[in-house]
Amino acid sequence: MKKLTLLIVAAMAMVVFSCEKEDVTSNEVVPQSVIDQLYGLGFNPDGIERVKDGYRIERDIIITDEYLSTQPVDVRVPNAEQYRTSNVVNTGGSRDITVYMEVETSGGGGGGGNGNGNGNGNGRNKNTSSAAFPSTYDLALNEAIARFNGENLDLTFSRTSDPNAADIVVTRLGKRDERRGVLGSAGFPTGGNPYNQILMSGVLETSFGLSVNGIATIIAHEMGHCIGFRHTDYFDRSISCGGTPTDEGQAGVGAILIPGTPSGASLSDASWMLSCSDGSDRPFNGDDSVALQWMYSGNY
């Protein structure tokens with residue numbers, strides 16, 4: 001099976017995917033004060049780039065100016081598998097997060113979701129806009145929603161047909177980024193609210209052969225960032241990506257151990273938040289469920 005790092009180099013015999021970035025602004029110098037602040041927050045700003053909404057680090061994470069203005073708390077040195085950021089979503093015991101995605105269709109309303117997904121397809125528009133996603137993504141988003149809702153958390157997801165009313169808008173990357181192999185990006189919560197945008201490639205099925213469930217896994221991964229999860233193997237990307245061990249950030253702020261999760265991380269455990277993927281289906285494993293339950297079942 002092809003090796004995917006959630007940066008695609010299409011010319012390689014073994015294709016490598018990595019969840020990546022928004023359009024980079026032209027040669028804008030990142031202020032040293034921002035780099036220093038990111039270090040202080042526990043991130044690794046090596047390779048940092050200025051993008052439309054802030055800064056891109058760790059391949060697929062967008063750090064906004066708003067996020068940088070917050071004051072993270074509850075910091076611990078991470079030494080185990082599941083990690084969260086300092087900012088989380090405030091559920092108040094019960095909160096539904098609405099998601100909008102424009103999907104290609106020339107017919108009627110969207111199809112139903114599955115499981116407990118509440119993925120009723122209301123996000124489908126009657127058009128074939130170049131900004132719309134293929135219909136496969138409609139099913140993939142429903143599946144991603146169903147995975148979260150199947151955990152019976154205080155936090156749920158549902159589809160909306162109104163982008164102006166959505167908490168999270170899934171937007172298609174530009175053609176240039178799709179050709180470059182960008183998969184997607186998202187940011188972290190601010191002010192108790194989820195990050196409000198996921199950028200996704202629309203050619204994961206046609207160019208790279210991903211299944212509905214494979215695409216759903218990538219969407220769910222970005223949704224995980226939106227509600228406060230970091231990469232499971234952020235401290236050593238070689239666990240899932242191969243190559244030289246790379247630490248995405250310092251041990252400390254911004255990568256907080258979630259109690260009850262095991263020490264270390266492994267490729268065989270196939271966490272949905274691993275940095276890299278082989279493109280296959282990765283539903284939540286047992287440790288992912290523990291992490292989700294601790295975060296959003298009676299806690300926040």
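This is a predicted model: local features need pLDDT of at least 70, side-chain atom pairs count only at pLDDT 80 or more; totals for chains, interfaces and linings use all residues.

Modeller: Residues are numbered from 1 along each chain as its sequence is written, and side-chain values use heavy atoms, with hydrogens and water left out.

Biologist: Let's start with serine 271: is it buried or exposed?
Modeller: Serine 271 is in the loop between β10 (256-257) and α7 (286-296); helices (H or I, at least four residues) and strands (E, at least two) are DSSP runs, numbered from the N terminus. Buried means under 20% relative accessible area, exposed over 50% and partly exposed in between, using a 1.4 Å probe and protein chains only. Serine 271 has a relative accessible area of 1%, so it counts as buried.

Biologist: Which side chain does the side chain of serine 271 join in a polar contact?
Modeller: A polar contact is a pair of N or O atoms within 3.5 Å; within protein, one must be able to donate a hydrogen and the other to accept it, and residues adjacent in sequence count only if both atoms are side-chain atoms. A polar atom of the serine 271 side chain sits 3.1 Å from the backbone nitrogen of methionine 273. The side-chain partner, at 2.8 Å, is aspartate 288.

Biologist: Within what arc do the buried residues of α7 fall?
Modeller: The buried residues in α7 are Asp288, Ser289, Ala291, Leu292, Met295 and Tyr296. They line one face of the helix, because seen down its axis (going by the directions from the axis to the C-beta atoms) they fall within an arc of 160°.

Biologist: Why would they line up like that?
Modeller: An α-helix has 3.6 residues a turn, so residues three or four places apart point the same way.

Biologist: Which backbone nitrogen does asparagine 285 reach at the start of α7?
Modeller: Here it is a side-chain oxygen of asparagine 285 that does the reaching, to within 3.0 Å. After the helix comes glycine 298, with a positive phi near 80°. Back at the start, the nitrogen belongs to aspartate 287.

Biologist: How far is alanine 291 from isoleucine 258 in space?
Modeller: Alanine 291 is in helix α7, and it is buried, with a relative accessible area of 0%. In sequence, alanine 291 and isoleucine 258 are 33 residues apart. C-alpha to C-alpha, the distance is 6.2 Å.

Biologist: Moving on to α3 and α5, are they parallel or oblique to each other?
Modeller: Helix α3 (residues 135-149) and helix α5 (residues 212-226) have axes that come within 8 Å and cross at roughly 55°; axes are lines fitted to C-alpha atoms, for helices over the stretch in contact, and angles run from 0 to 180 degrees between N-to-C directions. Residues making the contact (heavy atoms within 4.5 Å) include Leu141 and Phe148 of α3, and Ile219 and Met223 of α5. Under 35 degrees counts as roughly parallel, over 145 as roughly antiparallel, 65 to 115 as roughly perpendicular and the rest as oblique. The pair is therefore oblique.

Biologist: Is asparagine 152 buried or exposed?
Modeller: Asparagine 152 is in the loop between α3 and β6 (155-159). Its phi is near 55°, a positive value in a residue other than glycine. Most residues other than glycine have a negative phi. At 60% relative accessibility, asparagine 152 is exposed.

Biologist: And what is the relative accessible area of alanine 270?
Modeller: Alanine 270 also sits in a loop, the one between β10 and α7. It has a positive phi of about 55° although it is not a glycine. Alanine 270 is partly exposed, because its relative accessible area is 22%.

Biologist: Which side chain makes a polar contact with that of arginine 172?
Modeller: Arginine 172 lies in strand β7 (residues 168-172) and counts as buried at 14% relative accessibility. Its side chain reaches the backbone oxygen of alanine 132 at 2.9 Å. The side-chain partner, at 2.7 Å, is glutamate 178.

Biologist: Last one: leaving aside neighbours within four places in sequence, which residues does threonine 64 contact?
Modeller: Threonine 64 lies in strand β3 (residues 61-64) and is buried at 12% relative accessibility. Threonine 190 is 126 residues away in sequence, with 9.2 Å between the C-alpha atoms. The contacts asked for are Asp53, Gly54 and Tyr195.
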